[in-house]
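Me: Got a model I'd like to go through with you. Can we start with how the helices pack?

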Amino acid sequence: MAHSGRGEWEQFWKRVWRKESFTRLSVPARLLYIWSWTHEDSALCGLYGVSPRQLERALAERDGGSDAGLRRAVVEALRELAVKPLVLYDDDAEVLWVVGRVEHALRSPTQAVRMLREYEACPASPLKEQFTRKYGAKLDLPANG
């Protein structure tokens with residue numbers, strides 16, 4: 001996925017450190033959650049394509065070859081994040097959804113337009129269908145996803 005062209009910073013809510021749903025997560029799950037909000041290809045709407053390799057790099061101590069232990073850590077972190085649910089991932093479509101991101105990010109009509117563009121660029125996925133059901137009216141999304 002190409003760089004979004006946005007600025008080099010992303011707002012991340014400090015109060016997350018006071019939320020039990022976050023503080024009770026394992027360190028890898030917390031790291032993956034923060035990464036899902038702040039990496040350069042993340043989407044303001046929270047729904048975007050991301051490869052398993054990108055997820056592995058988020059948890060790697062250094063950029064190196066992929067290994068079974070790292071893959072297992074990603075799977076376990078995603079499973080943990082899905083229980084809350086804070087982050088959901090569709091392995092087949094390689095789509096990630098940061099649940100609740102819209103509520104934190106939607107502050108203006110300009111942001112709604114940007115979210116619609118991001119939504120349209122997202123690959124088809126059951127997560128995209130869930131997103132449509134949840135935010136379709138709020139973001140004026142097409143009914144067919």
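Me: How do the axes of helix 6 and helix 7 cross, and at what angle?
Reply: Helix 6 (residues 109-121) and helix 7 (residues 126-139) have axes that come within 12 Å and cross at roughly 155°. So helix 6 is roughly antiparallel to helix 7. Roughly antiparallel is the word for angles over 145 degrees. Axes are lines fitted to C-alpha atoms over the stretch in contact, with angles from 0 to 180 degrees between N-to-C directions. Helices are DSSP runs of H or I, at least four residues; strands are E, at least two.

Me: Which residues meet there?
Reply: From helix 6, Ala112, Met115, Tyr119 and Glu120. From helix 7, Lys128, Phe131, Thr132 and Leu139. Contact means heavy atoms within 4.5 Å.

Me: What should I know about the source?
Reply: It's a predicted model: local features need pLDDT of at least 70, side-chain atom pairs need 80 or more, and totals for chains, interfaces and linings use all residues. Numbering runs from 1 along each chain as its sequence is written, and side-chain values use heavy atoms, without hydrogens and water.

Me: Switching topic. Which residues have the most contacts inside the largest nonpolar core?
Reply: Leu32, Tyr33, Leu47, Leu55 and Phe131, in a core of 43 residues. Such a core joins buried Ala, Val, Leu, Ile, Met, Phe, Trp, Tyr and Cys through side-chain atoms within 4.5 Å. Buried is under 20% relative accessible area, with a 1.4 Å probe and protein chains only.

Me: What does Leu47 touch beyond its sequence neighbours?
Reply: Beyond four places in sequence, its contacts include Val95, Trp97, Tyr119 and Phe131.

Me: And how many helices and strands overall?
Reply: 7 helices and 3 strands. The order is α-α-β-α-α-β-β-α-α-α.

Key
Buried < 20%, exposed > 50% of the residue type's maximum accessible area, 1.4 Å probe, protein only. Parallel < 35°, antiparallel > 145°, perpendicular 65-115°, else oblique.
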